[in-house]
Amino acid sequence: MTRTTARTVHLRAAGVSFVVELLDPLPRVLHWGEDLGELTDEDLAALALTAEGAVLNNALDEPRRFTVWPTEADGWSGTPAQQGHRGGAATTPRPRLAGVAERPGELELRLTDRVGGLDITLTYRLEPSGVLGVTTRLTRPHTAGEPDTVPYDLAGVTTLLPLPGRAGEVLDFTGKWCRERSPQRGPLGFGGHVREVRRGRPGQDSPYLLTVGVPGFGFRTGEVWGLHVAWSGNQRWLAERLPEGAGVHGAVLGGGELLAPGEIRLAPGDDYTAPVCHFVWSDAGLDGLADRFHTLLRARPSHPASPRPLTLNTWEAVYFDHRQDRLLELADLAAATGVERLVLDDGWFSGRRDDTAGLGDWTVDETVWPDGLGPLADRVHGHGMQFGLWVEPEMVNLDSRLAREHPEWILGPGHPGLGPSARHQYVLNIAHDGARDYLLASLDELVTRYAIDYLKWDHNRDLHEAVHRGADGRDRPGVRAQTAALYRLLDTLRQRHPGLEIESCSSGGGRVDLGVLARTDRVWASDCNDPVERQAIQRWTGQLLPPELVGTHVGAPHSHTTARTADPSFSRITALFGHAGIEDDLTARTPEELAGLRSWARLYKELRPLLHGGRVVRADLEGEAGVLHGVVARDAGAALYCWARLATSPEGQSGRVRLPGLDPRSRHRVRIRTEAGLPSLHQVAGPAWFTAALEGWVELPGTVLTGAGIPMPTLNPGQALLIEAEALDRS
């Protein structure tokens, strides 16, 4: 819904208001957050009046205003919206409003900066989910009669929105290989909380979702504001608070692409489009933010519509030991277990007997596969399963035919030469026309020949010294060009093969962002399948992505990444809450273990509509020894919860724990689902309701389940159980 007066635009959706006052020379955001309802002209005038702040001591001689394009011209001493210069001059942009366009749910502002010689277009789109997407485009227009050969060197564009003073605590993420999306939080003090990503990909330590909220916000409570930068290259994120505030606001939240010096040089006729920044507000804590993002993603026309197939990936089953007879046996066992998609991982292409050689040579290794991949692909398809293949198109080993024939395609300095390798590999410059055409032809041929349904697209190193040779023979920064080329390559491949699905993998979960997900179908959250680690990784990956977009696999009992041995039931229950799969050698499993996997596979298929269509909920519990999370149907008529114990705790029992997301007005029935296995208890006997629910349904009112809470059984560490709930009435 959009309401406009002579000076104000009010966008509304899903309980969110975004109000902009169209002032000269620059508009300003009057409000972003809680829905203000239908505002009259008098209401809007009052909102504008109260947006005028005080004149402070030792400050500007007029009240500061925080505009849509904040710069020093406004008296803004924080991070500016625009940074750059033209030959060392034109460093003080002075844009003015030049035009306004309105469409349902969308506001477009056109600004003109005569100092820098730039036209700026800001587009705000408030989605039905309540997520506000902001797109920024800068254009260097041709000026009649004034030829200008000096480019405008763009140093940075930052999309900024104001935050109220009560937003005083910040949460973002860090991580490493096998521990992605590890949360870190603290007070938002004066100055800037700034995160810069210089890896050429978001990385395992990606900020991921920068959230600022009222102190003490949790999963279920508290007012929060969040930002996601939808970009797969270098990024900059910030929450900034100055002593003088931001106009009448307390702080700002913003982000954009982190540009290298000289990366964007705008000559007349050139333009630059910044990554989309997604801003989100909720008064229902982190679950409220997550639900808005999940709703946004599920509304996309490209969102996966078919049931997410149970997947077996061969990496931890065979590693580089590719033998046709062994993999055919694995395919047969996978089909008998209930697998619906088999993915052949690394090791199938020319010279790839380990990770030191072969990358870039995307032809089947005939010494290992004398008949090509046809026998395996045919066996997989013959079982009614989909066939997938691992690729890493953006990388190259020096020990490869590609590197020997085209060393100029490697992304790196021409002089003094390449730096150190990582995982024995370098980056292929896919922005080079020859490299791009080679990759597209190779992948197209593979997908066509073997009727490939799915590509696991990997990316196993950071982009360091990511420069390419320019037309003038000099090295130029290449991360942005590389990222844009990736997007074009993915888009073209999908256009040629509309049914093809692609997974974004990057040393595990190193490239998880809405830029790459606009053209892929799921992400690999982490190379770690240890369920203890996975409980946390999946919980926080779900802050942005719904379960159906996150690969969650059952690994071998003994984890090759942590050397920890897990109870099979704990692994199965953990993997259930996502796009489930198996990462294990089924030929090494006992008949009893295979029977357990078959039972779990049937359960996944039964619960898949709920798990991949419901609302994700997470309980706020004391300590970190136990977790309670689940998925509740949109109408709250059904739910599935995981109660897991990660470590011991001083408490002998949990006390009453509330099940989040259910309707307190309804009566419910609950039971324990046992198909994935049962946990061992750290007590003689569980609570009475639990003992009864092991045998069948137990009826309980919503006021008990969601208000008073129910005592949970105390599990041994590394154990989990499944609780199913159904509403019996809607009174």
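The legends below walk through several close-up views of this predicted model. Residues are numbered from 1 along each chain as its sequence is written, and side-chain values rest on heavy atoms, with hydrogens and water left out. Because the model is predicted, local features need pLDDT of at least 70 and side-chain atom pairs count only at pLDDT 80 or more, while totals for chains, interfaces and linings use all residues.

**View 1. The largest pocket holds about 840 Å³ of space.** On a 1 Å grid over the protein atoms alone, a pocket is an open set of points with protein on both sides within 12 Å along at least five of seven lines, a cavity is a set where a 1.4 Å probe fits but cannot get out, and lining residues have an atom within 4 Å of a point. Grid points are joined across faces, edges and corners, and a volume is the space filled by probe spheres set on the points. Of the 33 lining residues, look for Pro-183, Arg-539, Trp-540, Gly-623 and Glu-624 nearest the centre. Two or more residues each come from β13 (179–187), α9 (531–541) and β35 (626–632), and β13 gives the most, with 7. Helices (H or I, at least four residues) and strands (E, at least two) are DSSP runs, numbered from the N terminus. The lining divides into 17 nonpolar, 6 polar and 10 charged residues; here Ala, Val, Leu, Ile, Met, Phe, Trp, Tyr, Cys and Pro count as nonpolar, Asp, Glu, Lys and Arg as charged, and the others, Gly among them, as polar.

**View 2. The largest cavity has a volume of about 230 Å³.** Its lining has 18 residues, with Gln-538, Arg-539, Phe-577, Val-616 and His-629 closest to the centre. Helix α9 gives the most to this lining, with 5 residues, and β32 (550–555), β34 (615–618) and β35 are among the elements that supply at least two each. By class, the lining has 7 nonpolar, 8 polar and 3 charged residues.

View 3. The largest share, 3 residues, comes from α10. The lining divides into 6 nonpolar, 2 polar and 4 charged residues.

**View 4. Helices α7 (433–449) and α8 (479–496) cross at roughly 35°.** Their axes come within 11 Å; axes are lines fitted to C-alpha atoms over the stretch in contact, and angles run from 0 to 180 degrees between N-to-C directions. Arg-436, Leu-439, Leu-440, Leu-443 and Asp-444 in α7 meet Leu-489, Thr-492, Leu-493 and Arg-496 in α8, where contact means heavy atoms within 4.5 Å. This contact has 5 nonpolar, 1 polar and 3 charged residues.

**View 5. Cys-178 and Ala-563 are non-glycine residues with positive phi.** Cys-178, at about 70°, sits in the loop between β12 (169–176) and β13. Ala-563, at about 65°, lies in the loop between β32 and α10 (568–576). Cys-178 is buried, with a relative accessible area of 8%, whereas Ala-563 is exposed, at 54% (buried is under 20%, exposed over 50%, partly exposed in between, with a 1.4 Å probe and protein chains only).
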